[in-house]
Amino acid sequence: MLDKKILKQSLSFAALAVLYVALVATVMTNAQKLFSDIDKSVFAPIVFLLMLVVSVATMGLLIFGKPVMLYIDGKRREAVMMVICTVASLAFFTILLVVTFALFR
């Protein structure tokens, strides 16, 4: 049986992940305008790698942070269900965005 609290938290974590990805994509899309007067020879790879590290950590926390705490507390079933619901929510949001972009292009 699916717990509504787990589903609600999973949806909120997935929504936060989508918002974070949108923020990073916006920054990357506008990087040329934002950093046009900075020497990019060393700066660009450093910023790219730091953004990658921060993004991996952020997504790891959003997707696995709460489930790991549940697992440590002995709530293994709830932990697995939360990971599954979060990933399913991310897939749902992805499909929703693809369909939306396809319809309004």
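Let us start at the surface, where M28, F48, L49, L52 and V56 form a nonpolar patch with about 510 Å² of accessible area together. A patch here is built from residues with over 30% relative accessible area and no salt bridge; like charges are joined within 9 Å, and nonpolar side chains (Val, Leu, Ile, Met, Phe, Trp, Tyr) within 5 Å. A salt bridge, in turn, is a side-chain nitrogen of Lys or Arg within 4 Å of a carboxyl oxygen of Asp or Glu. The areas come from the Shrake-Rupley method with a 1.4 Å probe, and for residues only the protein chains shown count as cover.

A word on what you are looking at. This is a predicted model, in which local features need pLDDT of at least 70 and side-chain atom pairs count only at pLDDT 80 or more, while totals for chains, interfaces and linings use all residues. Residues are numbered from 1 along each chain as its sequence is written, and side-chain values use heavy atoms, leaving out hydrogens and water.

Back at the patch, helix α3 gives the most, with 4 residues. Helices (H or I, at least four residues) and strands (E, at least two) are DSSP runs, numbered from the N terminus. L52 sits in α3 and is partly exposed, at a relative accessible area of 44%. On this scale buried means under 20% relative accessible area, exposed over 50%, and partly exposed in between (1.4 Å probe, protein chains only). Between the C-alpha atoms of L52 and V24 there are 9.8 Å, although these residues are 28 apart along the chain.

V24 takes us inside. Together with A14, A17, Y20, M59, L62, I63, L90 and F93, V24 makes up the largest nonpolar core, of 9 residues. Such a core is a set of buried Ala, Val, Leu, Ile, Met, Phe, Trp, Tyr and Cys residues joined through side-chain atoms within 4.5 Å. Helices α1 (4-29), α3 (40-72) and α4 (76-103) each supply at least two of its residues, and α1 gives the most, with 4.

In α4 you will find A88, which is partly exposed at 45%.

How confident is the prediction? The chain averages a pLDDT of 91, and 96% of the residues score at least 70, pLDDT being the predictor's confidence in each residue, from 0 to 100. Confidence is lowest in helix α2 (residues 31-34), at a mean of 78, and highest in α4, at 96.
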